[in-house]
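Please look over the sequence and the model shown below.

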Amino acid sequence: MQPQESTVQYSRWKESGQDEVSVVAVSNNEAASCSERVCRKLCTGKLGITMEVVGGVALFWAVFILGYVTGYYVHKCK
């Protein structure tokens, strides 16, 4: 991965005394924008919620099976 360039924009409101800082990332290649689009598609909306649920269920079963196998070998009668 190539490092991304970023710019910082700073603006100060004199009347209210509030400061505002925003960081804008600038991408140099199209691969980053493509991966950002894929990530945005898979991580937001109804599809993002579905992906989280599926990932949670898969993680549950992986930990369950790992615990079952570990418990089997730890408590196996000789």
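Predicted model: local features only at pLDDT ≥ 70, side-chain atom pairs only at ≥ 80, totals over all residues.

Residues are numbered from 1 along each chain as its sequence is written, and side-chain values use heavy atoms, with hydrogens and water left out.

The chain contains two helices and two strands. Read from the N terminus, their order is β-β-α-α. Helices (H or I, at least four residues) and strands (E, at least two) are DSSP runs, numbered from the N terminus.

How much of the chain is buried? Of its 78 residues, 3% count as buried. Buried means under 20% relative accessible area, exposed means over 50%, and partly exposed is in between (1.4 Å probe, protein chains only). The chain exposes about 7,400 Å², and 64% of this area is supplied by carbon and sulfur atoms. Such areas come from the Shrake-Rupley method with a 1.4 Å probe; for residues, only the protein chains shown count as cover. Contact means heavy atoms within 4.5 Å. Among contacts between residues at least 6 apart in sequence, 9% join residues at least 24 apart.

Helix α2 covers residues 45–74, and F60 lies in it. L47 is also found in helix α2. With a relative accessible area of 36%, L47 is partly exposed. Apart from neighbours within four places in sequence, L47 touches K41 and L42.

A nonpolar surface patch of about 1,200 Å² is made by I49, V53, V57, F60, W61, F64, I65, Y68, V69, Y72 and Y73. Patches are made of residues with over 30% relative accessible area and no salt bridge; like charges are joined within 9 Å, and nonpolar side chains (Val, Leu, Ile, Met, Phe, Trp, Tyr) within 5 Å. A salt bridge is a side-chain nitrogen of Lys or Arg within 4 Å of a carboxyl oxygen of Asp or Glu.

Next come the aromatic rings. A pair of aromatic rings is described by the distance of the centres and the angle of the planes. Rings of Phe, Tyr and Trp (its six-membered ring) pair if their centres lie within 6.5 Å; planes under 30 degrees apart count as stacked, over 60 as edge-to-face and the rest as tilted. The structure holds four aromatic pairs. One of them joins F60 and W61, with ring centres 5.3 Å apart and planes at 75 degrees, so this pair is edge-to-face. W61 and F64 also form an edge-to-face pair, because their centres are 5.4 Å apart and their planes stand at 80 degrees. W61 and F64 are three residues apart in helix α2, so about one helical turn separates them. F60 is partly exposed at 49% relative accessibility, W61 is partly exposed at 45%, and F64 is partly exposed at 45%.

For C39, the nearest cysteine sulfur is that of C43, 3.6 Å away, and C39 is in no disulfide. C39 counts as partly exposed, because its relative accessibility is 42%. C34 is partly exposed at 38%.

Definitions and conventions: Disulfide = S-S within 2.5 Å.
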